[in-house]
Amino acid sequence: MSQQTQPVAERPHSGLATGGTTFAGVLLIVSGVVMILEGISAIAKDDIWVRLGDYVFKFNLTAWGWIHLVLGVLVVVVGTALLQNAPDWARVAGVALAAFNIIVNFAWMPYTPVWAIIVIAIDVFVIWALCRSWGEHPKRA
């Protein structure tokens, strides 16, 4: 009789988290593109941005534009890397950028309060999905 070895128990794959990682990559790309457009609009001093009341975090519109433009480009790059099954650096960068984006959108809230809250909720999901499926790497073809 031959002895069969038992495979080492692995963490069960969660379809929600694995699919969530793909969805998180897509959300990062879409969010990054919107941030790029917001940044360009703010740098061009477009008339669509109106401050609602007085707020503690005061930057001029051009500074906000550059923050959104640079952050948007980084978010698109990381989102694209996640969709291409990049190594763990993309997950780390995705979590870090989503966390930073939460802070930026909280401070950006006087300009677009509803959109800022939506982006914060999306970033919370992105952080959850990337952290939940950390050890689960899809098999490469």
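Good morning, colleagues. Please keep in mind throughout that the structure is a predicted model.

I begin with the overall architecture. The protein contains 4 helices and 0 strands, and along the sequence the pattern reads α-α-α-α. Of its 141 residues, 38% count as buried. The accessible surface of the protein comes to about 8,500 Å², and carbon and sulfur atoms account for 71% of that area. As for the contacts, consider those between residues at least 6 apart in sequence: 76% of them join residues at least 24 apart.

Let me turn to helix H2, residues 61-83.

Within H2 I would draw attention to His-68. Is His-68 buried or exposed? Its relative accessible area is 1%, and the cut-off for buried is under 20%, so His-68 counts as buried. Leaving aside residues up to four places away in sequence, His-68 touches Met-35, Ile-36, Glu-38, Gly-39, Val-104 and Trp-108.

The next element is helix H4, residues 113-132. The same kind of check applies here. At 1.5 Å a residue, the 20 residues of H4 should span 28 Å; the end C-alpha atoms lie 29 Å apart, which agrees. The buried residues of H4 are Ala-116, Val-119, Ile-120, Asp-123, Val-126, Ala-129 and Leu-130.

The structure holds 3 aromatic pairs. One of them joins Phe-23 and Phe-125: the ring centres are 5.8 Å apart and the planes stand at 65 degrees, so this pair is edge-to-face. For that assignment the angle must be over 60 degrees. The pair links distant parts of the chain, since Phe-23 lies in helix H1, residues 15-43, and Phe-125 lies in helix H4, 102 residues apart. How accessible are the two partners? Phe-23 has 44% relative accessibility and therefore counts as partly exposed. Phe-125, at 25%, likewise counts as partly exposed. Together with Trp-128, Phe-23 and Phe-125 form one aromatic cluster.

The largest share of the patch, 3 residues, comes from H1.

Val-26 belongs to helix H1. At 35% relative accessibility, Val-26 counts as partly exposed; patch members require over 30%. How far apart are Val-26 and Leu-83 in sequence and in space? They are separated by 57 residues along the chain, while their C-alpha atoms are 7.5 Å apart.

To close, I return to two points. His-68, by contrast, is buried, with a relative accessible area of 1%. Thank you for your attention.

How values were computed
Residues numbered from 1 in each chain as written. Predicted model: local features only at pLDDT ≥ 70, side-chain atom pairs only at ≥ 80, totals over all residues. Heavy atoms only, no water. Helix = DSSP H or I, 4+ residues; strand = E, 2+ residues; numbered from the N terminus. Expected span 1.5 Å × (residues − 1). Buried < 20%, exposed > 50% of the residue type's maximum accessible area, 1.4 Å probe, protein only. Phe/Tyr/Trp six-rings, centres within 6.5 Å; stacked < 30°, edge-to-face > 60°. Contact = heavy atoms within 4.5 Å. Areas by Shrake-Rupley, 256 points an atom, 1.4 Å probe, with all protein chains shown as cover.
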